[in-house]
Amino acid sequence: MANYSLTINNRRYDVANVEPDTPILWILRDTLGLVGTKYGCGIAECGACTIHLNDSPARACSLPISAVSGMRITTIEGLSDGDVLHPLQQSWIDNDVPQCGYCQAGQIMAAAALLNRNPTPTDEEIDTAMEGNLCRCGTYHRIRQSIRDVANANRKKGGKSWPDHLTPMED
Ligand code: FES
Ligand code: FES
């Protein structure tokens with residue numbers, strides 16, 4: 001057992017007496033109550049549990065807490081700035097994307113990570129970035145359109161894609 005200090009959504013959390021190989025998904029959901037990140041396959045195959053580690057997408061179901069301590073973790077709860085939605089969240093609403101919704105937090109997190117590193121992706125780049133996130137309801141076309149809409153808006157305003165509270169830091 002060990003103690004860990006985690007930085008999640010720009011807030012510090014101290015977690016005590018945890019086995020080092022406990023997946024961070026369990027800590028997020030069961031210990032900290034951050035249940036927006038979903039459990040799907042549990043073997044890093046579906047993307048439902050996608051979070052950001054230092055602005056890059058990662059599978060929370062397969063990452064032990066010992067591997068993420070000291071990194072900046074962002075979950076779907078940290079994507080909006082209070083009541084101000086991330087542009088992708090608004091685009092998801094505008095395009096009426098979700099059906100059952102189960103995969104959607106992971107989809108949005110994967111898309112947000114793409115826009116963090118490339119604010120104006122092409123359709124091909126969108127497809128490559130999103131191919132590991134599965135949707136049993138088949139919402140892929142609307143997901144692509146939502147990302148495309150934000151990318152097009154970014155092109156018009158010169159590349160900005162994320163709210164100030166999510167501006168990537170220099171690593
Ligand atoms: S639950 Fe983590 S990738 Fe499926
Ligand atoms: S919206 Fe149902 S699994 Fe994607």
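Reader: Is Lys156 buried or exposed?
Author: Lys156 counts as exposed because it has 8 C-beta neighbours inside 10 Å, and the scale calls a residue exposed at 12 or fewer other C-beta atoms within 10 Å of its own, buried at 20 or more and partly exposed in between, with C-beta atoms placed from the backbone. This is a predicted model, in which local features need pLDDT of at least 70, side-chain atom pairs count only at pLDDT 80 or more, and totals for chains, interfaces and linings use all residues. Residues are numbered from 1 along each chain as its sequence is written, while chains are lettered from A and ligands numbered from 1 in the order in which they are written.

Reader: Switching topic, how many residues has the largest nonpolar core?
Author: That core has 40 residues, and Ile24, Ala60, Ile108, Met109, Ala111 and Ala112 have the most contacts inside it; a nonpolar core here is a set of buried Ala, Val, Leu, Ile, Met, Phe, Trp, Tyr and Cys residues joined through C-beta atoms within 7 Å. The largest share, nine residues, comes from H4.

Reader: And why does this core lie between the domains?
Author: Domain 1 (2-78) and domain 2 (87-165) both give residues to the core, so it lies between them, the domain bounds coming from an automatic or database domain assignment.

Reader: What does Ala111 touch?
Author: Leaving aside residues up to four places away in sequence, Ala111 touches Leu88, Met130 and Ile147, contact meaning that the C-beta atoms of two residues, placed from the backbone, lie within 7 Å.

Reader: How many Å separate the domain centres, and what makes up the contact?
Author: Taken over C-alpha atoms, the centres of domain 1 and domain 2 are separated by 21 Å, and the contact takes 15 residues from domain 1 and 13 residues from domain 2. On the domain 1 side, strand E3 gives the most, with three residues.

Reader: Which phi does Asn54 have?
Author: Asn54 has a positive phi of about 50° although it is not a glycine, and its place is in the loop between E3 and E4. With 14 other C-beta atoms within 10 Å, Asn54 is partly exposed.

How values were computed:
Helix = DSSP H or I, 4+ residues; strand = E, 2+ residues; numbered from the N terminus.
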